[in-house]
Amino acid sequence: MYPKHNLFRLLLLICVFCSSGNLNAFVYDNDVLDIFSKTLPRLILMSSQKEKVKNSLEICLLYETVDERSALALVEKINSNYPHGINKRPIKLVTSSYSDMEPCKQSQLIFMFNAEDTTIKKALEFSAKHSLMTVAYDKRLLEKGVGISLFLGRKVSPYFNVKALHRNKVEMDNVLLRISKIYEGEIN
């Protein structure tokens, strides 16, 4: 009887050890990622960032190493929703870890997966320097200075931090602003 218990403990220990790299990962809802995949290219087209578009819309996805799978899933969703681009413009997707943001500097939009506060702060400084629109999965990052997230209530609507957008020299279409929720301080 004891060898079976020891075998079970050993298997449990191996499972915990092998999955420990994912313990710090944030859980991203598949449906919410799907909504973001449909809205990110449209946000560019409904903002002053469309003037920066040369040949293609460029979206950069910033993530921590533990969230790489979620970033790749979002890439797949965007490619699936826009296989031929949008408005006759291809969509270029750049994935990069927070430790190397340089590939993002030509993008019009940076989508930010969750990270430590200091990492988010560095990403926001980078985006302000390059006048990039910032969008975050987590609406709580609006209070840190991210420009856009989603408000998930009875209906889903864009959630804008207008001060953060202005800081990055990004203007949004007034029609979009009228149907959106505006961040005014605290997150409910």
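**Entry: ground rules.** I am working from a predicted model, where local features need pLDDT of at least 70, side-chain atom pairs count only at pLDDT 80 or more, and totals for chains, interfaces and linings use all residues. I number residues from 1 along each chain as its sequence is written, and side-chain values use heavy atoms, with hydrogens and water left out.

**Entry: the chain.** I read six helices and seven strands in the protein chain; these are DSSP runs numbered from the N terminus, helices being H or I of at least four residues and strands E of at least two. Their order from the N terminus is α-α-β-α-β-β-α-β-β-β-α-α-β. Of the 188 residues, 44% count as buried, where buried means under 20% relative accessible area, exposed over 50%, and partly exposed in between, with a 1.4 Å probe and protein chains only.

**Entry: strand β3.** On the β4 side, I have Met133 as the bridge partner of Leu109. Between β3 and β4 the chain passes through helix α4 (residues 117–129), and this β-α-β crossover is right-handed. Right-handed here means that, with the strands pointing away from the viewer, the path from the first strand over the helix to the second runs clockwise. I then checked the side chains of β3: Leu109 and Phe111 point one way, Ile110 and Met112 the other, and all are buried.

**Entry: the cores.** I next listed the nonpolar cores, that is, sets of buried Ala, Val, Leu, Ile, Met, Phe, Trp, Tyr and Cys residues joined through side-chain atoms within 4.5 Å. The largest has 33 residues, and Leu40, Leu43 and Phe111 have the most contacts inside it. At least two residues of this core come from each of α2 (30–45), β1 (57–63), α3 (68–81), β3 (109–112), β4 (133–136) and β5 (148–152). α2 gives the most, with seven residues. Leaving aside residues up to four places away in sequence, I see Leu40 touching Ile59, Leu74, Ile78, Leu109, Phe111 and Val135. A second, separate core has 16 residues, including Val94, Ile110, Leu124 and Leu132.

**Entry: Lys144.** I located Lys144 in the loop between β4 and β5. Lys144 counts as partly exposed because its relative accessibility is 41%. Beyond residues up to four places away in sequence, Lys144 touches Asp117, Ile120 and Leu124. The side chains of Lys144 and Asp117 are joined by a polar contact of 3.5 Å. From Lys144 to Asn161, 17 residues apart along the chain, the C-alpha separation is 9.9 Å. A polar contact is a pair of N or O atoms within 3.5 Å; within protein, one must be able to donate a hydrogen and the other to accept it, and residues adjacent in sequence count only if both atoms are side-chain atoms.

**Entry: Ser56.** I found Ser56 in the loop between α2 and β1. Ser56 counts as buried because its relative accessibility is 18%.

Definitions and conventions:
Contact = heavy atoms within 4.5 Å. Pairing = 2+ DSSP bridges.
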